[in-house]
Number of protein chains: 2
Amino acid sequence: MNRRRFGATVAGGLLSSRLASHPLGRAARLLAAPPRVDGARLNRHLVELSRFGANPQGGVTRLAYSDADRQAREYVLGLMRDAKLTPSIDAAGNIIAARAGRDPARKPILFGSHIDSVPEGGNYDGDVGSMAAIEVAQTLGEQAITTRHPLHITIWQNEEGGLYGSRAVSGQLTADELQNVSRSGKTVGDGITFLGGDPQRLAQARRVKGDIAGYLELHIEQGGTLERDHVDIGIVEGIVGIKQWEVTVTGFANHAGTTPMDQRHDALLAAARFVEAVNRVVMSVPGRQVGTVGRIQAFPGAPNVIPGQVVCTLELRDLDASKVDSLYNRIAAEATQIGTENGTAFAFRMLHENVPAPSDPRVRSLIADAARELGLTTKVMPSGAGHDAQALATLGPMGMIFVPSIGGISHSPKEFSQPNDIVNGANVLLATLLRLDDAAWS
Amino acid sequence: MNRRRFGATVAGGLLSSRLASHPLGRAARLLAAPPRVDGARLNRHLVELSRFGANPQGGVTRLAYSDADRQAREYVLGLMRDAKLTPSIDAAGNIIAARAGRDPARKPILFGSHIDSVPEGGNYDGDVGSMAAIEVAQTLGEQAITTRHPLHITIWQNEEGGLYGSRAVSGQLTADELQNVSRSGKTVGDGITFLGGDPQRLAQARRVKGDIAGYLELHIEQGGTLERDHVDIGIVEGIVGIKQWEVTVTGFANHAGTTPMDQRHDALLAAARFVEAVNRVVMSVPGRQVGTVGRIQAFPGAPNVIPGQVVCTLELRDLDASKVDSLYNRIAAEATQIGTENGTAFAFRMLHENVPAPSDPRVRSLIADAARELGLTTKVMPSGAGHDAQALATLGPMGMIFVPSIGGISHSPKEFSQPNDIVNGANVLLATLLRLDDAAWS
């Protein structure tokens with residue numbers, strides 16, 4: 001069925017409308033091979049980008065709003081200009097390079113990713129989709145292909161900190177979040193200014209539902225499913241919902257030598273039982289949900305003082321928002337019980353929430369068709385990671401393309417994807433973009 | 001038996017030798033009341049000292065080698081001069097104020113404590129013994145009492161970081177420890193220089209076994225035993241041995257959204273099980289041993305990254321060194337098993353060791369006699385906390401006097417001892433000092 005639809009698209013949509021403007025005319029385009037990206041150039045750009053924020057032990061620390069982030073963005077702006085694009089920075093600090101379409105009345109198709117990293121991150125998360133988006137635009141230019149829709153290549157700012165750039169565009173960024181302190185040490189507001197945006201004029205960057213013809217993003221899987229199953233391309237069915245809390249455990253600081261074991265209110269002992277409980281509760285039900293305590297600190301934090309307070313984080317993810325809530329309720333109940341048992345108190349403060357974001361079924365079909373045209377195998381799968389695509393999904397049809405992550409390793413210097421897989425992903429992005437551009441409904 | 005010995009001491013030793021030099025002569029001294037400290041002045045000095053490094057929420061953060069530490073030491077030097085003492089700073093950075101004795105050939109009796117604090121500490125740990133030592137010396141001056149032995153009032157530097165000042169004097173400080181980074185951010189060597197010492201000339205501060213006639217230290221109990229049992233004065237039978245380790249748990253950092261629960265090597269989950277195991281092992285045998293994990297940090301430390309490494313501390317204390325070793329061996333074995341079960345590895349690095357230090361039984365008797373003379377109740381007890389006295393115990397007869405800590409709270413802004421109990425402790429220190437000065441064996 002998909003194969004028949006693919007044939008129909010090639011004959012009826014994909015080529016017919018585009019060839020009208022091709023300098024060699026319709027006959028020549030029908031004979032020419034479909035456009036392909038320059039894979040060597042794409043992988044070279046990935047290597048070059050990895051210089052910015054490089055760590056001695058490998059990988060990068062390219063925190064949003066850091067000097068390394070800004071230097072990498074300068075590099076990206078240069079690549080865009082080399083690709084004959086005219087980049088600009090929107091009020092939210094995102095880099096957006098527009099490419100004109102044949103029909104100025106059409107809404108734009110957006111595609112891109114991000115280049116900021118977590119602390120001690122890798123060279124593929126965000127970078128692959130960002131470099132591939134520019135490569136796709138450069139290929140279109142070199143092949144003198146003008147799409148029906150205007151194209152916007154988008155490099156979103158501060159994805160890792162909480163999708164700040166894309167959420168500013170989708171209108172999900174709340175005013176108080178501008179005061180959040182990012183890992184760079186700057187507030188989000190100051191960071192936007194640092195990147196050349198203007199936090200006082202975010203309305204200029206804002207788009208509303210229906211403003212875009214679609215959004216595509218290529219990304220590494222960051223899990224090990226595609227590699228394990230020997231599949232080339234993941235078609236994302238949706239992005240899991242995420243909830244993050246800051247958890248404060250309050251006990252009583254006291255001298256570690258003079259306070260008997262049975263008279264302690266040890267906040268770290270309670271926090272340890274909490275970490276264990278999170279793991280146990282999340283694993284107690286079937287499914288793909290995950291739960292993580294990623295940050296922890298004990299106060300005052302001396303070897304000879306019983307911790308009086310511990311601050312840690314809790315993160316829960318699943319495609320089903322109600323499952324996240326149910327797990328949270330069980331974990332919070334266990335925390336209360338742990339606190340009662342050792343004389344400590346737990347308090348939860350919501351840090352961050354992303355609702356689950358399904359991709360558009362029509363775009364998923366286009367990705368499947370594009371991959372098949374390229375002779376690549378596919379698998380429909382959820383994204384356990386959050387992505388800018390989830391903010392864009394609130395504005396128009398969204399699709400995401402995954403390529404394999406070796407060993408399923410991400411947010412680590414050991415993050416790696418094969419150059420050939422990256423080229424495959426970029427070609428699927430290109431072919432999907434052309435199909436989306438030609439789709440009757442777009 | 002004690003009462004008879006007390007009577008013998010008064011008649012034969014305490015008064016007879018001192019009165020030889022008293023301006024009013026032996027008869028007047030026999031009629032005069034025993035000397036008592038000025039309790040109001042002592043408690044006023046404690047309040048004044050608490051200004052240095054005061055925290056808004058109460059208590060002090062007066063880290064060794066910080067500006068607050070140095071300012072507090074200036075205050076102490078002023079008090080000493082007001083007390084007609086001539087303080088100096090030894091090569092190790094300790095403040096030492098000498099007071100001449102009648103017999104210049106006698107070895108000195110030392111007494112004092114420390115004024116540095118843990119982060120977010122209280123106003124009594126160290127401060128009480130320091131202010132009381134100066135008060136005792138000032139009282140002797142005002143009463144025109146000259147002891148047989150020279151007296152040295154000693155304010156040891158960086159007790160909380162690991163008895164650095166007193167261990168330099170006892171020769172237990174190893175050369176490499178000068179490079180240890182203290183909580184102030186300075187190395188110990190730089191800190192000694194900062195306080196007016198000279199780390200190149202530590203030999204000048206060094207004393208060897210037999211160089212001192214004795215060492216006395218008044219301190220708050222830091223535990224809740226005296227208050228609970230309604231006892232005025234604790235007579236320390238010995239200071240527990242302490243071992244501290246830095247524990248590094250190595251797992252594998254990975255994306256918290258894309259890595260299934262059963263494929264994680266979560267260093268923090270392993271560390272949580274370790275914290276629980278420390279508590280369980282330490283509580284599994286009878287006795288007064290304690291075990292604490294006081295510091296913990298997860299790396300890279302983001303809510304959305306599975307921790308790849310955790311660094312925490314382990315501290316074990318007991319009067320019996322072999323028990324500490326036995327507990328450690330069991331804990332290390334459990335850590336290995338925890339690591340095997342979730343694909344992480346534990347490494348232990350010794351940070352610090354204090355061997356158990358018994359007090360001198362003869363000095364304990366003098367303290368008991370002095371307290372009885374003052375109508376105070378006593379209890380012989382171990383010290384769960386480490387003290388400078390344990391370094392001094394290697395040089396000569398050592399005795400420690402405890403006063404009650406309300407609620408057993410210490411290393412906390414809520415640390416508190418009743419002004420009246422502090423005055424009692426200072427008077428026991430004074431009376432014990434005079435008995436030690438007169439003792440036939442000293």
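The crossing of H3(B) and H13(B) is right-handed. In this predicted model, helix H3 of chain B spans residues 39–49. Its axis lies 10 Å from that of H13(B), and the two helices pack at an angle of about 115°. H3(B) and H13(B) are therefore roughly perpendicular to each other, since angles of 65 to 115 degrees fall in that class. On the H3(B) side, the contact is made by B:Gly39, B:Leu42 and B:Asn43. H13(B) contributes B:Pro419, B:Ile422, B:Val423 and B:Ala426. Five residues of this contact are nonpolar and two are polar. No charged residue takes part.

H13(B), residues 419–438, also packs on helix H5 of chain B, residues 127–142. Here the axes come within 9 Å and cross at roughly 55°. H5(B) and H13(B) are therefore oblique to each other. This crossing, too, is right-handed. From H5(B), the residues involved are B:Val128, B:Ala132, B:Glu135, B:Val136 and B:Thr139. They meet B:Ile422, B:Gly425, B:Ala426, B:Leu429, B:Leu430 and B:Leu433 in H13(B). By class, the contact of H5(B) with H13(B) comprises eight nonpolar residues, two polar residues and one charged residue.

In chain A, the pairing of helix H3 (residues 39–49) with helix H5 (residues 127–142) was examined. The two axes come within 10 Å and cross at roughly 135°. That angle makes H3(A) oblique to H5(A). H3(A) passes H5(A) in a right-handed crossing. H3(A) supplies A:Arg41, A:Leu42, A:His45, A:Leu46 and A:Leu49. H5(A) supplies A:Asp127, A:Val128, A:Met131, A:Ala132 and A:Glu135. Six of the contact residues are nonpolar, one is polar and three are charged.

At the level of domains, chain A is divided in two. Domain 1 is made of two segments, 2–239 and 356–438. Domain 2 covers 241–354. The centres of the two domains of chain A, taken over C-alpha atoms, are 36 Å apart. Seven residues of domain 1 and ten residues of domain 2 form the contact between them. On the domain 1 side, two of the residues are nonpolar and five are polar. None on that side is charged.

The two chains are related by symmetry. A rotation of 180° superposes chain B on chain A with an RMSD of 0.1 Å. The shift along the rotation axis is 0.0 Å. That is the relation of a two-fold axis. Of the residues of chain B, B:Ala272 comes closest to this axis, with its C-alpha at 2.1 Å.

The interface between the chains involves 58 residues of chain B and 58 residues of chain A. Several elements of chain B give two or more residues to the side that touches chain A. They are strand E8 (254–255), helix H9 (267–283), strand E9 (290–292), strand E10 (296–299), strand E11 (305–306) and strand E12 (309–318). The largest share, nine residues, comes from H9(B). By class, this side of chain B has 26 nonpolar, 24 polar and eight charged residues. Of the interface residues of chain B, 100% are also interface residues in chain A, so the copies meet through the same surface.

Backbone geometry shows a cis peptide bond in each chain. In chain A, the bond from A:Phe299 to A:Pro300 is cis, with omega near 5°. A:Pro300 is found in the loop between strand E10 (296–299) and strand E11 (305–306) of chain A. In chain B, the bond from B:Phe299 to B:Pro300 is likewise cis, with omega near 0°. B:Pro300 lies in the loop between E10 and E11 of chain B. Both of these strands give two or more residues to the side of chain B that touches chain A.

A further backbone feature is found at B:Tyr65. This residue is not a glycine, yet its phi is positive, at about 75°. B:Tyr65 lies in the loop between H3 and helix H4 (67–82) of chain B.

Notes. Residues numbered from 1 in each chain as written. Chains lettered and ligands numbered in written order. Predicted model: local features only at pLDDT ≥ 70, side-chain atom pairs only at ≥ 80, totals over all residues. Contact = placed C-beta atoms within 7 Å. Helix = DSSP H or I, 4+ residues; strand = E, 2+ residues; numbered from the N terminus. Nonpolar A, V, L, I, M, F, W, Y, C, P; charged D, E, K, R; others polar. Least-squares fit on C-alpha atoms with pLDDT ≥ 70 in both. Domains from an automatic or database assignment. Axes fitted to C-alpha atoms, helices over the stretch in contact; angles between N-to-C directions. Parallel < 35°, antiparallel > 145°, perpendicular 65-115°, else oblique. Left-handed = near helix turned anticlockwise from the far one by under 90°.
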